[in-house]
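Here is a short report on a predicted model. It moves from the overall fold to single residues.

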Amino acid sequence: MKPFDVIVIGGGLAGLMAAAVAADNGQRVALLTYGSGSLPLASGAIDFLDAKAPDVAIKNLPAHHPYKKIGLKACDAAAKFFCDVTAKADLPYNGRLSAQIPIVTAVGTLKYSALVPESMDASNLADKKKIFVVEIKGLKDFYAAMIADNLKKIFPDKTFATAKLDLNLLGGRDITCMDAAQIISGNEQILADGLKTLDAGDDDAIIIPPIFGLEGNASRAAIKSQLRAEILETTCLPPSPTGIRLQRAFIKFLQNAGVRIFENSKVVRGVLDGKKVTGVVVENSVREKVFPARKVILATGGFYSGGITMRDFDQPREPIFDLPVFFPTGAENWSNEQLFSDEPQGFSMTGIFTDENLRPIDESGEILFENLHVVGANLGGSDFIFERSAGGVAISSAYKGATS
Ligand SMILES: Cc1cc2nc3c(=O)[nH]c(=O)nc-3n(C[C@H](O)[C@H](O)[C@H](O)COP(=O)(O)OP(=O)(O)OC[C@H]3O[C@@H](n4cnc5c(N)ncnc54)[C@H](O)[C@@H]3O)c2cc1C
């Protein structure tokens with residue numbers, strides 16, 4: 001097999017973004033992955049940091065934080081590239097790194113993110129007169145009254161109304177947002193007709209669960225054009241149509257850019273020549289196969305997706321290249337007694353440390369492989385759940401790794 005310019009291991013947000021950036025730069029790219037990564041579980045909103053202005057907060061982070069290696073310039077370029085990819089797939093996103101945009105959660109709170117799907121952007125909610133919260137009969141885990149009650153605490157001067165639409169989606173069976181989104185796609189008129197009965201006007205907003213199809217913006221556009229009020233999707237319990245739309249937008253971009261995508265391809269080890277990775281070995285049920293490469297990007301997702309494993313306490317492992325994994329020493333620093341405390345969790349800092357081009361380093365700072373770059377949730381030195389930086393670290397490290 002002819003060597004690929006770039007092989008990306010892992011098809012989560014970081015791997016998809018890295019493959020997109022490399023292909024956009026004219027490189028011959030292969031994406032090797034098994035499992036779908038965490039995007040189908042996620043809201044699709046991209047969090048950079050839990051701060052009013054993430055770009056200012058990034059400057060003040062400690063030196064070991066992934067953003068300090070990536071640099072603000074690459075973070076900005078990554079945000080722009082991300083929005084270009086989604087726009088090309090007709091999935092418009094709003095946002096930038098100097099501010100945060102609110103979205104309405106499935107329990108009626110506001111969550112702030114740097115980049116959000118246009119269909120969830122709740123920036124204008126404060127200017128609305130009346131807010132309708134709409135649930136769909138048979139749709140699980142979406143309670144209009146609870147959402148309206150909680151939003152009323154944030155917007156006490158607004159008028160709220162709730163409604164339950166019977167769209168007869170699946171003949172009475174309980175369905176998820178993913179089921180509903182799938183049915184609405186191609187059957188938009190059912191939802192449009194239901195929403196028209198609310199008689200919501202120009203100054204009003206309608207809040208619904210995320211059911212505008214599983215791809216792009218076409219379903220939303222078809223419904224929106226028939227209504228006068230602004231219409232917004234919330235987050236939902238997984239599986240999440242807004243995360244699936246983002247995953248599909250990237251896959252579409254990769255296919256158009258000629259990236260070879262190999263699914264069900266578990267990479268088990270690298271082919272090494274001194275400090276160079278010359279290829280990777282994929283194992284399937286019958287045999288092993290070598291994929292030669294000039295450069296490899298490791299986007300295997302940390303603890304949550306098997307990118308880092310830990311059979312014994314104190315001994316985390318990176319299973320493909322056996323890279324050193326940083327973790328907080330001492331069991332007392334490993335976690336807080338309270339899982340949901342207002343302090344970071346030590347174990348979340350676990351991951352691989354890198355140089356400024358995201359190449360893995362050992363404890364003395366020596367670069368271990370010259371053409372291997374580590375991106376996404378594999379990176380050590382930040383508690384991305386606590387500080388709300390998972391999506392931002394994923395896309396900006398992917399951008400940096402692919403352009404280094
Ligand atoms: C429930 C949930 C909600 C979230 N909500 C948000 C949010 O609101 N905002 C936000 O910014 N982020 C959110 N995130 C985080 C975000 O979606 C990603 O988890 C994060 O960006 C990390 O992406 P990643 O690509 O590094 O890892 P992952 O998404 O974990 O992807 C890793 C991929 O690598 C593959 N892989 C692993 N080992 C191998 C191997 N040996 N060979 C081949 N492939 C391999 C895995 O199967 C997987 O496909 C959420 C995550 C979850 C789980």
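## Overall shape

The chain has 404 residues, and a compact globule of that length would have a radius of gyration near 22 Å. The chain has 22 Å, so the value agrees with the globule rule. Along its principal axes, the C-alpha trace spans about 70 × 45 × 35 Å.

Buried residues account for 48% of the 404. Take the contacts with a separation of 6 or more: 70% of them join residues 24 or more positions apart. The secondary structure consists of eleven helices and 15 strands.

## Two domains

The chain splits into two domains. Domain 1 is made of two segments, 4-93 and 245-403, while domain 2 covers 106-234. Their centres, taken over C-alpha atoms, are 33 Å apart. The contact between them draws 17 residues from domain 1 and twelve residues from domain 2.

On the domain 1 side, helix H4 (72-88) and helix H9 (241-256) each supply at least two residues. H4 gives the most, with three residues. By class, this side of domain 1 holds eleven nonpolar, two polar and four charged residues.

## The E4–E5 hairpin

Strand E4 (residues 101-104) pairs with strand E5 in the antiparallel sense, over four bridges. Isoleucine 101 stands opposite serine 113 in E5. Five residues lie between the strands of this hairpin. Glycine 108 takes a positive phi there, near 90°.

## A cis peptide and its surroundings

The peptide bond from proline 238 to proline 239 is cis, with omega near 0°. Proline 239 sits in the loop between strand E10 (230-233) and H9.

Both of these prolines are touched by proline 40. Proline 40 itself belongs to the loop between strand E2 (29-32) and helix H2 (54-59). Leaving aside residues up to four places away in sequence, proline 40 also touches Ser240, Gly243, Ile244 and Gln247.

The cut-off for a buried residue is 20 or more.

## Positive phi outside glycine

Asparagine 264 has a positive phi, near 50°, in a residue other than glycine. It lies in the loop between strand E11 (260-262) and strand E12 (266-273). Why does asparagine 264 count as exposed? Asparagine 264 has 11 other C-beta atoms within 10 Å, and a residue is exposed if that number is 12 or fewer.

Aspartate 322 is a further case, with phi near 55°, again positive in a residue other than glycine. Aspartate 322 is placed in the loop between helix H10 (302-305) and strand E15 (372-374). Aspartate 322 counts as exposed because it has 11 C-beta neighbours inside 10 Å.

Technical notes: Residues numbered from 1 in each chain as written. Predicted model: local features only at pLDDT ≥ 70, side-chain atom pairs only at ≥ 80, totals over all residues. Domains from an automatic or database assignment. Contact = placed C-beta atoms within 7 Å. Nonpolar A, V, L, I, M, F, W, Y, C, P; charged D, E, K, R; others polar. Rg over C-alpha atoms; globule rule 2.2 N^0.38 Å. Pairing = 2+ DSSP bridges.
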